[in-house]
Amino acid sequence: MPASLAPTVRRARAGRPTLADAWDAAGSLATTALGLGAGIAIVDGARASHPPAILAAALVVAVGDLVLRAPLRLFARAAGAMGALVAGLAAQVLVAWVALTHVPGIVVDSGVSVLAVLLIASVVMAVGRWLWGVNDTEYVLGDVIRRARSRARRAGLVPEGASAVPGAAASSGTRAEGGRPPGLLVVQLDGVAAPVLAMAVEAGLAPTVARWLASGSHRLDPWWSRVPATTPSSQAALLHGDSSGIPAFRWWDRDLGRLVVTNHPTDAAFVESTLPTEHGLLAPDGAAISTMFSGGAATNLLVMSRSVRAPDGSRGGFGPGPAYLRFFASPFVFTRAVARSVAEMAKELYQARLQRVRGVEPRVSRGGWFVVLRGMTNALMRDLTTSLVAEHLVRGTPMIFVDLVDYDEIAHHAGPTRPEALRALEGLDGVLHVLEEVLPVAARDYQVVVLSDHGQSLGATFEQVEGRSLLEVVRSLMADPDVDGVQAVAGEEWGPLNSLLTSAFSISRPRGTVLLGPDAPSRAGRPERVGIPDVVVTASGNLGLVWFPSAPARLALEDLQERWPGLVAGLAARPGVGAVVVDTASRGLVAVGARGLVLLELDVAPEGEDPLAGWGSQARADLARAGRLEHTGDLLVISAITPGGHVHAFEGQVGSHGGLGGDQNRALLLHPSGLVVDADLLGDVDGTAMLVGAEQLHVQLLRWSAALGLRP
């Protein structure tokens with residue numbers, strides 16, 4: 001937070017109401033009255049005899065909101081998340097019914113009319129707040145901020161001279177000015193490349209980040225996200241310090257004899273059980289919010305690996321928690337979220353049609369369930385996640401890590417630098433601004449670090465280039481088009497919703513089962529049968545992995561040449577393929593291209609044309625590491641890269657990540673200037689000094705948290 005906000009911060013910390021507070025309250029009352037008036041005017045079964053009656057109804061709604069909060073929270077603790085949701089919705093209807101049936105001058109004919117007025121009012125209130133100039137998410141956090149200011153007022157927190165800039169707290173574990181101990185908030189902007197954030201800043205779409213950079217409170221640095229550049233791999237390293245057991249977004253586990261898909265809660269729990277716990281980033285008393293793994297946190301909210309009950313029915317203290325329940329029990333939040341979700345779906349339909357009408361290329365289909373998922377993630381999930389983070393800032397949780405997925409979801413389907421993706425990034429910048437508004441009343445003096453797990457790269461899909469899927473190409477080169485094959489692609493966007501549903505409905509499944517959905521493996525070539533398939537193909541963006549599960553261990557090139565002589569060379573020669581990585585019996589890993597090969601683990605010159613030429617200085621090391629990861633495929637396939645830096649995803653995504661090429665490996669690190677990146681952790685990538693690998697960034701975050709006194 002820049003120093004220009006210091007006067008406002010000091011007033012907020014002192015807990016005194018300001019003119020801005022009064023103005024905001026007036027705006028809330030005005031938009032509520034406007035929403036109710038619009039609903040009454042539109043709905044046939046409702047009418048008002050004079051405008052003051054509508055204003056009186058708006059006052060009743062405001063009072064009802066305040067009166068019902070406490071009993072709803074008590075009920076939520078006893079009834080659980082879905083009970084809180086139902087109770088909150090019922091409370092909203094009750095308040096609206098009282099306001100519309102008991103205020104003189106207003107008449108409604110039925111309960112259906114009340115519901116219709118309520119829904120219309122929610123839409124108009126959201127639009128009105130936006131026109132009023134208030135960030136819409138602040139409406140969700142209004143109660144959080146009011147309670148925090150009340151607490152600050154009672155405690156008499158922070159004298160006038162207190163520091164206002166995140167990053168200005170003492171770096172040796174001492175208490176910041178005003179008596180608040182330091183804290184660390186890490187915000188992950190899923191899928192945002194450092195060059196894309198810089199572009200958004202230049203375009204005026206990230207004013208909060210721009211203000212931080214201009215004030216000198218923060219610095220923006222890139223870091224290198226190694227292959228596989230995926231969320232599970234990066235988060236395992238960021239939160240637990242090790243990603244060696246995660247070769248892709250989904251993979252075949254020979255020991256289990258099945259696919260492991262990391263955005264399925266049961267599989268995420270299984271994967272975390274294999275991760276080291278002694279250096280968990282959030283241990284012992286941090287909070288993980290909307291992440292894939294826990295990082296050893298004491299509090300886990302919407303965490304994929306912690307959202308499924310154990311076989312004995314317990315969650316070991318990893319339930320949704322009171323903050324989660326409070327959100328769903330808040331009057332008018334649910335109807336507002338529904339209205340915003342519907343608006344987001346309509347926006348997606350319009351933007352997809354606009355791409356088709358304009359002939360934008362490359363593009364992919366954006367219909368089906370993605371329309372609904374975008375509405376959920378960019379409205380309900382964003383509000384819920386922001387509310388949970390604000391609760392923990394106010395509570396004073398020492399270290400908080402949150403993942404915001406909005407941009408990543410849209411960029412997969414629209415393209416990483418397309419207007420709708422950049423607008424999603426604008427919304428995330430708005431979330432940073434909302435959290436910035438909470439910092440002055442937080443229980444700690446938080447340092448704010450913003451990072452991403454990877455970037456994204458644009459390009460036509462492999463199937464668009466080749467005319468058939470990677471599985472079909474592999475089967476044809478095996479000279480057996482009817483071979484029993486499994487292909488698993490797409491479905492990454494279902495992860496946050498899977499986590500929400502399993503938390504809300506308390507889904508319990510034994511470890512080892514796989515949720516059904518669009519990411520469930522599909523068999524091709526033969527009818528469904530019991531047994532191990534002949535070939536398995538998975539995709540993580542433009543990284544494709546191929547297994548031959550009937551073999552007890554990974555096959556070497558010599559074995560593959562004996563069984564299917566044309567497979568490796570034929571695959572490397574396809575126009576959409578850049579290189580095929582395979583192990584050899586005598587010379588280690590080799591990357592095979594259409595007109596040459598290079599040994600990845602020996603310091604020898606390429607034979608023929610170097611298949612990795614033009615991929616950058618890090619390509620060889622990345623592929624050598626990826627080729628030795630536990631559970632990696634018999635073959636690793638990296639798509640071709642066009643001269644313009646476009647890649648070809650092996651799944652239906654126009655924006656992808658997982659392999660090499662474009663901006664997908666250039667993740668971002670926006671950190672307070674007072675928290676310096678240590679020189680001994682830096683590597684060299686194409687002449688630029690940066691952190692290489694999420695494991696190194698994990699070490700840096702551990703050092704920063706130790707410097708702040710948050711861990712030994």
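Reader: Which backbone oxygen does the side chain of T262 reach, and at what distance?

Author: A polar contact is a pair of N or O atoms within 3.5 Å; within protein, one must be able to donate a hydrogen and the other to accept it, and residues adjacent in sequence count only if both atoms are side-chain atoms. Here the side chain of T262 reaches the backbone oxygen of F249 at 2.8 Å. This is a predicted model, in which local features need pLDDT of at least 70 and side-chain atom pairs count only at pLDDT 80 or more, whereas totals for chains, interfaces and linings use all residues. Residues are numbered from 1 along each chain as its sequence is written, and side-chain values use heavy atoms, with hydrogens and water left out.

Reader: Is T262 buried or exposed?

Author: Buried means under 20% relative accessible area, exposed over 50%, and partly exposed in between (1.4 Å probe, protein chains only). T262 has a relative accessible area of 0% and is therefore buried. Helices (H or I, at least four residues) and strands (E, at least two) are DSSP runs, numbered from the N terminus; T262 lies in the loop between β6 (258-261) and α9 (265-273). Contact means heavy atoms within 4.5 Å. Beyond its neighbours within four places in sequence, T262 is in contact with P232, F249, W251, A268, V271, M292 and M304.

Reader: How many of the residues of α9 are buried?

Author: In α9, 8 of the 9 residues are buried, so the helix is largely enclosed by the rest of the structure. Among them are A268 and V271, both of which are in contact with T262.

Reader: Which residues have the most contacts inside the largest nonpolar core?

Author: In soluble globular proteins, nonpolar side chains tend to be buried together. A nonpolar core is a set of buried Ala, Val, Leu, Ile, Met, Phe, Trp, Tyr and Cys residues joined through side-chain atoms within 4.5 Å. The largest one here has 67 residues, and F293, V449, L451, L600 and L669 have the most contacts inside it. Helix α21 (residues 694-707) gives the most to this core, with 5 residues. A second, separate core of 50 residues includes A193, I289, V450 and L670.

Reader: Where do R250 and E651 lie?

Author: R250 forms a salt bridge with E651, the closest N and O atoms being 3.9 Å apart. R250 lies in strand β5 (residues 250-253) and E651 in the loop between β20 (635-639) and β21 (655-656), so the pair ties together parts that are 401 residues apart in sequence. R250 and E651 are buried.

Reader: Which residues does G541 touch?

Author: Not counting residues up to four places away in sequence, G541 touches A649, F650, E651, S656 and H657. G541 is in the loop between β14 (535-540) and β15 (543-547), and counts as buried at 0% relative accessibility.

Note on methods
Salt bridge = Lys/Arg side-chain N within 4 Å of Asp/Glu carboxyl O.
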